[in-house]
Amino acid sequence: MIPDLIRGPLYFLNEERIEEISIFLMGVTVFLILMKNEYKLSIQKKEKENDQKKIKQAVADLVESYSYIGEVNRKMDILMSIALGLSDKSALNKDREKDIYLSILSAANFLMKANCSFLRFIDSDTSKNLKEIRLEKKKNPVKNEELLAMKNGINLKECSGCLVISSPQKIHSIKSYLIISGYDEEEKSNSKNIEILKVFASQALFLYSYLSLEKENGRK
């Protein structure tokens with residue numbers, strides 16, 4: 001189109017030179033337009049990639065949230081089922097005693113993602129081991145001396161590679177200890193898990209003391 005548009009010299013420029021300059025300017029203009037469009041496309045591509053990353057992160061967060069909610073609900077179900085089982089005193093007897101202890105140990109294993117758990121009841125005055133329940137036939141590596149060395153007000157301790165949670169209170173000088181081995185470190189750092197385990201230890205102590213008292217009254 002340039003030869004048709006330009007038909008003669010302009011000032012000091014001849015016709016051929018004007019055509020060359022016009023073609024050059026048109027080429028530069030087209031190049032700049034293409035570069036601008038390319039830049040817009042690259043920006044849109046980056047925005048799309050960022051949006052996809054945000055969507056993936058949102059989905060991951062949503063899945064994690066649902067997983068957390070499900071886990072919390074499961075923990076609450078466990079806690080409530082054990083609490084409700086202990087609230088009905090008419091159902092508390094020697095036949096059910098071991099089942100309740102085992103349910104506490106199973107719940108402790110679930111909370112801490114542990115391999116094995118133990119319940120031990122110790123008379124702090126005599127250092128005598130009154131009773132021990134285990135979920136599996138494994139040897140408990142923690143000695144009574146280590147448990148009794150726990151100071152008042154300290155209900156959490158690591159002994160012989162195990163996590164020990166003691167009942168916050170004593171009943172007639174008796175204290176219960178929940179001993180967990182092969183646990184998950186992340187679950188240990190969850191303060192809510194530890195509080196639930198303290199409740200389990202207290203419930204176990206209550207059950208043991210209640211049935212011991214019932215046994216003594218039966219003898220009388």
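Colleague: Why is His172 called exposed?

Modeller: Its relative accessible area is 68%. Exposed means over 50%, buried means under 20%, and partly exposed is in between (1.4 Å probe, protein chains only). So His172 is exposed. One caution: this is a predicted model, where local features need pLDDT of at least 70, side-chain atom pairs count only at pLDDT 80 or more, and totals for chains, interfaces and linings use all residues. Residues are numbered from 1 along each chain as its sequence is written, and side-chain values use heavy atoms, without hydrogens or water.

Colleague: Where is His172 found?

Modeller: In the loop between E4 and E5. Ser160 sits in the loop between strand E3 (156-159) and E4.

Colleague: What makes Ser160 partly exposed?

Modeller: Its relative accessibility is 43%, so it counts as partly exposed.

Colleague: How many helices and strands does the chain have?

Modeller: There are 6 helices and 5 strands. These are DSSP runs numbered from the N terminus: helices are H or I of at least four residues, strands are E of at least two. From the N terminus on, the order is α-α-α-β-β-α-β-β-β-α-α.

Colleague: Now the rings. Why is the pair of Phe121 and Tyr208 called stacked?

Modeller: The ring centres are 4.6 Å apart and the planes meet at 10°. Rings of Phe, Tyr and Trp (its six-membered ring) pair if their centres lie within 6.5 Å; planes under 30 degrees apart count as stacked, over 60 as edge-to-face and the rest as tilted. So Phe121 and Tyr208 are stacked. Phe121 is in strand E1 and Tyr208 in helix H6 (residues 191-219), 87 residues apart.

Colleague: What are the values for the pair of Tyr101 and Phe121?

Modeller: The structure holds 3 aromatic pairs. Tyr101 and Phe121 form one that is tilted, at 5.5 Å centre to centre and 50° between the planes. Tyr101 is in helix H3 (residues 94-112) and Phe121 in strand E1 (residues 116-123), so the pair ties together parts 20 residues apart in sequence. Ring pairs join Tyr101, Phe121 and Tyr208 into a cluster.

Colleague: How do you know that Tyr208 is buried?

Modeller: It has 12% relative accessibility, so it counts as buried. Tyr101 is buried at 0%. Phe121 is buried at 0%.

Colleague: Which residues have the most contacts inside the largest nonpolar core?

Modeller: Tyr101, Met112, Leu119, Leu178, Ile180, Leu197 and Phe200. A nonpolar core is a set of buried Ala, Val, Leu, Ile, Met, Phe, Trp, Tyr and Cys residues joined through side-chain atoms within 4.5 Å. The largest has 28 residues. H3, E1, strand E4 (162-166), strand E5 (174-181) and H6 each give two or more residues to this core. H6 gives the most, 10 residues. Apart from this core lies another, of 11 residues, among them Phe118, Val164, Tyr177 and Ile179.

Colleague: What makes Arg120 and Glu132 a salt bridge?

Modeller: Their side chains meet at 2.6 Å, N to O. A salt bridge is a side-chain nitrogen of Lys or Arg within 4 Å of a carboxyl oxygen of Asp or Glu, so the pair qualifies. By this rule the count comes to 5. Arg120 lies in strand E1 and Glu132 in strand E2 (residues 128-134), 12 residues apart. Arg120 is buried at 4%, and Glu132 is partly exposed at 25%. Arg120, Glu132 and Arg134 are linked in a network of salt bridges.

Colleague: How far apart in sequence are the parts that Glu158 and Lys188 tie together?

Modeller: 30 residues: Glu158 lies in strand E3 and Lys188 in helix H5 (residues 185-188). The distance is 3.0 Å, N to O, in this salt bridge. Glu195 and Lys198 also meet in a salt bridge, at 3.5 Å. These two are 3 residues apart in helix H6, about one helical turn.

Colleague: Last one. Why is Leu32 called exposed?

Modeller: Its relative accessibility is 53%, so it counts as exposed. Leu32 is in helix H2 (residues 15-87).
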